[in-house]
Amino acid sequence: MSDFTSNFWSVYVTAITLGGIIACLLLLWIASRKKVVATTDNTTGHVWDGDLTEMNNPLPLWWVGLFIITVVFGLCYLAFYPGLGNFAGKLGWSTSGEYDKEIAKANKELEPLYARFTSMKVEEVAKDPQATAIGERLFMNNCAQCHGSDARGSKGFPNLTDADWLHGGTPEKITETLTAGRMGNMPPMAAAVGTADDVKNVANYVLSLSGSPHDSLRASLGKAKFGACAACHGADGKGNPALGSANLTDDIWLHGWGEAAIINIINNGKTNQMPAQAEKLTAAQIHVLASYVWGLSNNQAPAKAAQ
Ligand code: HEC
Ligand code: HEC
């Protein structure tokens with residue numbers, strides 16, 4: 001993989017690096033050949049502070065030897081390790097490769113710890129105190145930055161502790177969400193709905209679905225236009241987990257509550273992504289995490305029917 005977007009920079013870096021080494025050698029060569037015309041006492045003839053003179057001796061051999069060794073070392077290093085622009089080096093060493101190796105080693109060491117949980121069902125793992133402790137640690141390290149340390153989410157990032165699911169809250173669906181990620185995509189709908197006034201009417205109809213404060217005249221006018229939304233949100237507005245379309249009847253608002261927020265989403269649409277974890281976490285880690293997440297909404301409260 002190259003970190004350079006254009007080959008120019010690779011050539012530029014290579015030229016400066018090799019040019020620097022060649023310049024060192026050249027300097028060494030010139031210095032060893034060129035003799036300042038010496039006076040009879042073998043000094044350069046310069047005198048400082050009254051009596052300080054400079055001898056005109058050649059470079060000591062050991063010093064020249066060291067110099068050449070560093071140059072040879074530099075060239076060997078550049079041949080084996082990355083340093084010359086895009087050239088990866090003969091050993092193929094890289095910091096990310098080193099990191100991957102360390103992660104693989106750590107995962108290998110942790111395998112026996114996870115082995116016990118892999119054979120258990122999500123419902124059982126969710127009740128296991130050790131698995132819950134591991135799940136919580138994994139959640140803090142990998143998920144809390146988006147879903148919050150209490151997993152209650154924030155605007156745009158779903159609350160994982162309630163029974164409201166965009167993509168389904170069964171153990172299988174949660175595992176699927178973590179493994180492959182999710183892409184929530186609502187296209188801009190203004191054109192399909194009609195005028196700005198129609199959009200406002202539909203927004204009020206949406207508000208009425210959850211019993212939120214709304215203008216009932218506008219809501220009744222908007223109802224007819226909701227057909228444009230029904231394909232994804234369902235005729236009853238309860239959403240469809242297969243599409244990740246939100247339930248509009250539950251008064252839980254991922255992207256903000258109120259007429260203005262809904263008008264905004266109808267006009268501009270929304271793309272919202274949950275990143276896939278399969279590359280980052282092992283299947284066993286995802287299993288423990290899925291159990292932890294499932295437990296957040298099912299352990300404390302009496303199990304609600306997951307959508
Ligand atoms: C970069 C931010 C980010 C990170 C990190 C992240 N998520 Fe998400 N997650 C999201 C977003 C955004 C969504 C909503 C996707 C959508 O709107 O369809 C989401 C959705 C979900 C859902 C589906 C919720 C539903 O209602 O169906 C689950 C479950 C989930 N995340 C769990 C996790 C877990 C566990 C982790 C840690 C491994 C994690 N997420 C890490 C941003 C993130
Ligand atoms: C092509 C499918 C599709 C259509 C058509 C569609 N939506 Fe959506 N809508 C979605 C998806 C998917 C989401 C969830 C976005 C996300 O993952 O965050 C969503 C989210 C929303 C939200 C945000 C809910 C929240 O919790 O904040 C509102 C409001 C909404 N849609 C209203 C509408 C209205 C009104 C219409 C009709 C004018 C409509 N949608 C048409 C797919 C659709």
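Guide: A word on classes: Ala, Val, Leu, Ile, Met, Phe, Trp, Tyr, Cys and Pro count as nonpolar, Asp, Glu, Lys and Arg as charged, and the others, Gly among them, as polar. This is a predicted model, in which local features need pLDDT of at least 70, side-chain atom pairs count only at pLDDT 80 or more, and totals for chains, interfaces and linings use all residues. Residues are numbered from 1 along each chain as its sequence is written, while chains are lettered from A and ligands numbered from 1 in the order in which they are written.

Visitor: How many nonpolar, polar and charged residues has the shell around ligand 1?
Guide: That shell has 13 nonpolar, eleven polar and one charged residues.

Visitor: And which residues come nearest to ligand 1?
Guide: Cys-143, Cys-146, Gly-184, Asn-272 and Met-274, out of 25 around it (a residue is near if its C-beta atom, placed from the backbone, lies within 6 Å of the molecule).

Visitor: Why does ligand 1 lie between domain 2 and domain 3?
Guide: Because domain 2 (100–181 + 275–298) and domain 3 (185–274) both give residues to its shell; the domain bounds come from an automatic or database domain assignment.

Visitor: Turning to ligand 2, which residues are closest?
Guide: Gly-184, Met-186, Cys-229, Cys-232 and Asn-272 are the closest of the 27 residues that surround ligand 2. Its shell divides into 19 nonpolar, seven polar and one charged.

Visitor: Which element gives the most to that shell?
Guide: Helix α11, with five residues (helices are DSSP runs of H or I, at least four residues, and strands of E, at least two, numbered from the N terminus).
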